[in-house]
Amino acid sequence: MINTNQKSVCEKLSVDFKYLPDFAAQILHKEFDSFVSELLDNYERVDIPLMRFFAGMDSERRRAIVMGSTREMLALLATNQTKKYIELTISNWLTNQLPHIAREQIDSQDISLVNYIRGCVFRRFISTYSSDPGLQQKLVEEVQRFTVVLDSELFSSYLKLQKEEIHKINDALQQREQQLLEAQEIGQVGSFEWD
């Protein structure tokens, strides 16, 4: 039996960070363009399914979209508002506020690959922030915690969307079956199976 009172990953793992805010602020204010370029290069190299919706768009427009979402993420991380960032990301997705993408067009690979790439790019920039191995290790742990919590919350939302879609399909099938039964009754016809 599934425990429905189980805590979410966001409740189990703290998103109150000690080092990540300052690191995010440095990226935002000193290395933003390089960070965005690295994200874009990796999105294209890994061939994220989501990027097909941006294929007809010129590179400057794609860059502007990634810059906007990255700036929002880094600004909220820099002020240690990770939970707000996660909630806003999910809300924008579920209410179809994402640019050029409907919520149903995002699949599980998009979630995994975007967060994987984001984590990799964050880790690449750690050496520009500090040369202290101890601090670097703590940042790696905080970046990993951030990506795990974000991944978990996004997948929970993805599964809820899938359940809603399955429920809609089942309702439509039941309605069709009822209509078929009514039509058979009205037409005084029936159906049978031969074994």
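Which residue caps the N-terminal end of H4? Asp-58 does, with a side-chain oxygen 3.0 Å from the backbone nitrogen of Glu-60. The model is predicted: local features need pLDDT of at least 70, side-chain atom pairs count only at pLDDT 80 or more, and totals for chains, interfaces and linings use all residues. Residues are numbered from 1 along each chain as its sequence is written, and side-chain values use heavy atoms, with hydrogens and water left out.

**View 1. Helix H4 and its ends.** H4 covers residues 59-78; helices are DSSP runs of H or I with at least four residues, numbered from the N terminus. From first to last C-alpha, its 20 residues reach 27 Å, close to the 28 Å expected at 1.5 Å a residue. The expected span is 1.5 Å times one less than the number of residues. After H4 comes Asn-80, whose phi is positive, near 55°.

**View 2. The buried residues of H4.** Among them are Arg-62, Arg-63, Ile-65, Met-73 and Leu-77; buried means under 20% relative accessible area with a 1.4 Å probe, protein chains only. The buried residues of H4 pack against helices H2 (20-30), H3 (32-46), H5 (82-94), H6 (108-129) and H7 (133-186).

**View 3. The largest pocket.** About 720 Å³ of space lies in this pocket. Of the 28 lining residues, the closest to its centre are Leu-50, Ser-69, Leu-98, Val-114 and Arg-118. On a 1 Å grid over the protein atoms alone, a pocket is an open set of points where a 1.4 Å probe fits, with protein on both sides within 12 Å along at least five of seven lines, and lining residues have an atom within 4 Å of a point. The volume is the space filled by probe spheres set on the points, which are joined across faces, edges and corners. H3, H4, H5 and H6 each supply at least two lining residues, and the largest share, 7 residues, comes from H4.

**View 4. Helix H6 and Arg-118.** The N-terminal end of H6 is capped by Asp-107, a side-chain oxygen of which lies 3.0 Å from the backbone nitrogen of Gln-109. The end C-alpha atoms of H6 are 32 Å apart, in agreement with the 32 Å that its 22 residues should span. Arg-118 lies in this helix and counts as buried because its relative accessibility is 12%. Leaving aside neighbours within four places in sequence, Arg-118 is in contact with Leu-39, Met-73, Tyr-85, Phe-146 and Leu-150; contact means heavy atoms within 4.5 Å.

Technical notes:
Buried < 20%, exposed > 50% of the residue type's maximum accessible area, 1.4 Å probe, protein only. Polar contact = N/O pair within 3.5 Å; in protein donor to acceptor, adjacent residues only side chain to side chain.
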